[in-house]
Amino acid sequence: MDDACDAPAKDGTLLVFDEAVTRALRLARPVDGTETLALGDAVGRVLAGPVFTPVPLPPFDNSAMDGYAVRRADLIGEGPWRLSLAQRIAAGDASGGALPQGSAARILTGAPVPDGADAVVMQEETAAEGACVVIRRRPRPGENIRRAGEDLAQGSAILDGGVTIGAREAGALAAVGAASVAVRRRLRIAFFSTGSELRQPGEALGPGQIWNSNRFQLGAALALPWIEPIDLGAVPDEPEALRAALERAAAIADLVVTTGGVSVGEEDHMPRLLAEAGGEAHVMKVAMKPGKPLTVGRLGGAVYFGLPGNPVSAFVTWRLIGARVAAACGGITRHEPLVTMARAAAGETRRPGRIEFRPARLARGVSLTAPAGGEPRIDLLKPSFSGRVALLCAADGLAVIPAEAERIAEGDLLRFLPF
């Protein structure tokens, strides 16, 4: 093991949630290997390294407003001031040379500021009079001028490595002329469900059988541009078949994810098979609800993630722990769950001991501009929910209830993780 203190408890003691996350993240090693892609093809991928701008941003002094470029020294005495119009400059035009003394230039947003001009007066503070313009207010030095390099100096990094390329990042890369970028190779994640009771949607169900929701739930969670998902389907609760699937997955993937078979029942084989295959478990059993029977470890060069079989437990443990480990393995340096605050719409008592991630529904009509202290209210859905996928779909996120809490009072402030 990487650290003797990472050995899972042998006495059944549950790991606190934060310690489980810490141990799981210690196992993550960013994938090696890069490829260069055209910017349009790189959306959703992870930058392999920083990108530097070859020019200052903006590349030249330009107008932040539609108005008139002036030289403040020409505004003598008390206004208003009447100046002749020397030129008209639109975005994409050359500046037309220096601004003659005693004149103004009609200028549109984004157009280059002519030499000699030291302010732009917005058009609402002017009046056009034939070939002249009347300036009603003396502008401040540099008013409404975006200076070259004020956003980013030439040679500076516009983005660091480890960033996922989304809309903001694609725009920034285009702004510095990056036609292609180096990205990390995709993270290979092999996954399969365990259980002899599982059938595919569309197949007829026999006695005691269920449709395999975890396969499609996890497949959807892994449908990200920086991930290469490898779907190994469902494997029956037969030790030899499970061992073969586990070893095959570890041989072809960076991260192996299974659902089911990690609890303490007679058909829960995965922790034992992980050990028999030469793997090591660094996390076993977490003091969280749902999701207590969670196994995280390593098998060969792959990280192993054994999720519970209950669909809601699998969803929560993957979202809160698994997704963070996957992001770290993919080389992503910024990947934290979005957290906001909300108030409980009603009170209830509960059994303390485990941190709880309760599906909750936001009150309708929540305002994005509510004043301080105007946190949204949330309805905590029913507590017995580990297998209730319909309840999960009715929620807007997860309310975080502290492990020690014996009662939630109406109006209590809770952390809230929106979906």
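Which charged end sits over the ring of Y68? I found that of R106, 5.2 Å from the ring centre; a charge counts as sitting over a ring if NZ of Lys or CZ of Arg is within 6 Å of the ring centre and within 35 degrees of the ring normal.

**Basis of the entries**

I worked on a predicted model, in which local features need pLDDT of at least 70, side-chain atom pairs count only at pLDDT 80 or more, and totals for chains, interfaces and linings use all residues. Residues are numbered from 1 along each chain as its sequence is written, and side-chain values use heavy atoms, with hydrogens and water left out.

**Entry 1: the six-stranded sheet**

I looked up the strand order of an open sheet and read β16-β13-β17-β21-β20-β18, six strands with mixed pairing. Strands here are DSSP runs of E with at least two residues, helices are runs of H or I with at least four, and both are numbered from the N terminus. Two strands pair if DSSP finds at least two bridges between them. At the edges stand β16 (227-235) and β18 (280-284); each has a single partner strand, so one side of each is left without a neighbour in the sheet. On average, neighbouring strands are turned by 20° against each other, direction ignored. Axes for such angles are lines fitted to C-alpha atoms, for helices over the stretch in contact, and the angles run from 0 to 180 degrees between N-to-C directions.

I then followed the individual pairings. Strand β13 (residues 187-194) runs parallel to β16 and is joined to it by seven bridges; I noted A190 with its partner I230 in β16. β17 and β21 are also parallel, over five bridges, and V256 has Y304 as its bridge partner in β21. β20 (residues 295-299) pairs with β21 in the antiparallel sense over five bridges, with L299 bridged to A302 of β21. These two strands, β20 and β21, form a hairpin with two residues between them, and G300 in the turn has a positive phi of about 65°.

**Entry 2: the cover of β21**

How many of the six residues of β21 are buried? I counted six of six, where buried means under 20% relative accessible area, exposed over 50%, and partly exposed in between (1.4 Å probe, protein chains only). On one side lie A302, Y304 and G306, and on the other V303, F305 and L307. α6 lies across β13, β17 (255-259) and β21, and runs at about 170° to β21.

**Entry 3: aromatic pairs**

My search of the whole structure gave three aromatic pairs. Rings of Phe, Tyr and Trp (its six-membered ring) pair if their centres lie within 6.5 Å; planes under 30 degrees apart count as stacked, over 60 as edge-to-face and the rest as tilted. F305 and W318 have ring centres 5.8 Å apart and planes at 80°, so I recorded this pair as edge-to-face. F305 belongs to strand β21 (residues 302-307) and W318 to helix α6 (residues 311-329), so the pair ties together parts that are 13 residues apart in sequence. F305 is buried at 0% relative accessibility, and W318 is buried at 7%.

F315 and F419 are likewise edge-to-face, because their centres are 5.4 Å apart and their planes stand at 85°. F315 lies in helix α6 and F419 in the segment after β28 (413-418), so this contact ties together parts that are 104 residues apart in sequence. F315 is partly exposed at 21%, and F419 is partly exposed at 39%.

In α2 (residues 167-175) I found E169, A170, A172 and L173 buried. They cover an arc of only 165° around the axis, which puts them on the same side of α2; the arc is that of the directions from the helix axis to the C-beta atoms. A167 and R168 are exposed on the other side. The cover over the buried residues of α2 includes β2 (51-52), β11 (157-159) and β12 (180-184), contact meaning heavy atoms within 4.5 Å. Just after α2, G177 takes a positive phi of about 80°.

Which residues of α3 (residues 213-221) are buried? I listed N214, R215 and L218.
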